[in-house]
Amino acid sequence: MESSSALLGGLNSGVVLSLIAVLWTVVWQNLQRLQLYAVVGRHVSRHARRLTALVDPYVSVTIAEFDGGARMTRRSDAFDEVKSYLSSSCSRRHDVRHLRAEPAIGAGLDRLVLSMSDGEEIADQFTDGDVTVTVWWWAYSMPPPRSDGGGGGYWGGGGGAVQENRRFYRLFFLDRNRDIVIDRYLPRVRREGRAVMVANRQRKLYTNIATHSWSDSDGLVRSAWSHVVFEHPKTFDTLAMDPARKKGIMNDLTMFKNGKDYYKRVGKAWKRGYLLYGPPGTGKSAMIAAMANYLDYDIYDIELTSVHSNTDLRKLFIETTGKSIIVIEDIDCSLDLTGARKKKKEEDEYSGDGGAPKPPPGMMKKDTSSKVTLSGLLNFIDGLWSACGGERIIVFTTNHVDKLDPALIRRGRMDKHIEMSYCCFEAFKFLAKTYLDVDDHELFGVIGGLLSEVDITPADVAENLTPKSMDDNADTCLAELVKALEKAKEDKAKGRNGQEEDEDEDEDDDKKVAEKK
Ligand SMILES: Nc1ncnc2c1ncn2[C@@H]1O[C@H](COP(=O)(O)OP(=O)(O)OP(=O)(O)O)[C@@H](O)[C@H]1O
Ligand SMILES: [Mg+2]
């Protein structure tokens, strides 16, 4: 634009430039008619636009892939919406010669989603009443700004590592169309982009990438999350639990999903914490999958032991999108909230009597241990940052609720506590219907009696009810379950006897000690 203006600056004639613009319009229409536009139109378009800008200046609006400057890495919703809006048209257009393909978003795994490559430009028209406006979209990318280091980050630090480029779309339009573009066109682009995204949406299961591998040998700094398409079949229809409790949870989730205005009115961030607790195999992970399927949300599964620091945890949160469930499984095992660290253990390995000799400095294992603290975690759940974006559910699971710090699970942080328990008769009947399609059977009575005596997880019941061969049917599977329950009952009795014997022996010892005294 600047070079053109320098070239033509000497002429200083608005009339000449206007003539050029009119001439261009005529040439443009004819080129299109002759189908030559696909070959040369793209280049001519850009120059013509620049020429026209001399008499009728252009305004530009830039939409960046990431919000928040150099340090913040929150993906911009507006960018994704514009990308989707443009991708729905640009893949079919002949004036876009270079496309960028991204895999597996869309209706099928085989499909590629195409968008404009860097340097491509397309024109778009918008009619509002009698006015038709032409705008131009230009795609480009730039290396991210260098951060000041400070412990690294998804984009920053990394000792000069090559970093992923940040992408931008820039919209050009004539100044005289400013109001109509800003008030009408851009909102329409976002609306239509969102509709395309919803139509193409495949839910994703994200997991965090170990933070110590950010600066790989290949020198690339990756995104904080990697993902696969989320295709878990578990739904509330196949989750065995007390029907009233299940209904309560589903209502709670529905209220949350539709609660945007409510959360705004009461001045709370639009997020909700769930604590799922209970023995292994009682369906905590299955419940999370059912929740995600019910709400149509993505899942972000955080492996806390791979998160190096509280700052990294915050960055992970910022990179999550709305309509998502953020999960930390087995929270009591992921993090030693008492402050004892793995590093200490490692040091002990080398310093103990007869232990291995301490390796020379620099040969110690790379410190990849998590330094996430309880306060970091609390901040993650309800600090100021956690209110970014909204519409997020945070789920913790644990087998030992009593081991958790009360501050972590108090209401307000973990709003709803859900106990997942051993299989009761109701849950068994539900599983029998789901797995074997039987509502009643002569063995139901025996099974009901045994279930009241022993603890068995829904996972074990489900396993016994699963046919293992073509010959298996409801009779054999239920008989198998009776066997498993009887064995569990026997083991329980043996365990109790063993415990009683131990107690008797202890008592005898105490008596002997007392007699001696
Ligand atoms: N209540 C349930 N209803 C239906 N299926 C269940 C239920 N509980 C467990 N299952 C089945 O048992 C298997 C194990 O369950 P799941 O992984 O959800 O247990 P968990 O509570 O997450 O265990 P852990 O504490 O070891 O992670 C899954 O295949 C799941 O479908
Ligand atoms: Mg689990």
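Residues are numbered from 1 along each chain as its sequence is written, while chains are lettered from A and ligands numbered from 1 in the order in which they are written. Because the model is predicted, local features need pLDDT of at least 70 and side-chain atom pairs count only at pLDDT 80 or more, whereas totals for chains, interfaces and linings use all residues.

A word on confidence comes first. The protein chain has a mean pLDDT (the predictor's confidence in each residue, from 0 to 100) of 77, and 68% of its residues reach 70 or more. The pLDDT is below 50 over residues 1-11, a stretch with seven contacts beyond near neighbours in sequence; two residues are in contact if their C-beta atoms, placed from the backbone, lie within 7 Å. Residues 148-162 also have pLDDT below 50, with 35 such contacts in the model. Where pLDDT is low, the predicted coordinates should not be read in detail. The model scores are ipTM 0.98 and pTM 0.68.

Turning to the helices (DSSP runs of H or I, at least four residues, numbered from the N terminus), α6 (residues 243-257) packs with α8 (residues 284-295) at about 45°, their axes being 11 Å apart. Axes are lines fitted to C-alpha atoms over the stretch in contact, and angles run from 0 to 180 degrees between N-to-C directions. The two helices, α6 and α8, are therefore oblique to each other, given that angles under 35 degrees count as roughly parallel, over 145 as roughly antiparallel, 65 to 115 as roughly perpendicular and the rest as oblique. Met-250, Leu-253 and Lys-257 of α6 meet Met-291, Tyr-294 and Leu-295 of α8. These contact residues comprise five nonpolar, no polar and one charged; Ala, Val, Leu, Ile, Met, Phe, Trp, Tyr, Cys and Pro count as nonpolar, Asp, Glu, Lys and Arg as charged, and the others, Gly among them, as polar.

Helices α9 (residues 310-318) and α12 (residues 374-382) pack at about 20°, with axes 9 Å apart, and are therefore roughly parallel to each other. Their contact joins Asn-310, Leu-313, Arg-314 and Phe-317 of α9 to Gly-376, Asn-379 and Phe-380 of α12.

Finally, ligand 1 is surrounded by 16 residues, the closest being Pro-280, Gly-283, Ser-285, Pro-458 and Ala-459; a residue counts if its C-beta atom, placed from the backbone, lies within 6 Å. Helices α8 and α16 (458-464) each give two or more residues to this shell.
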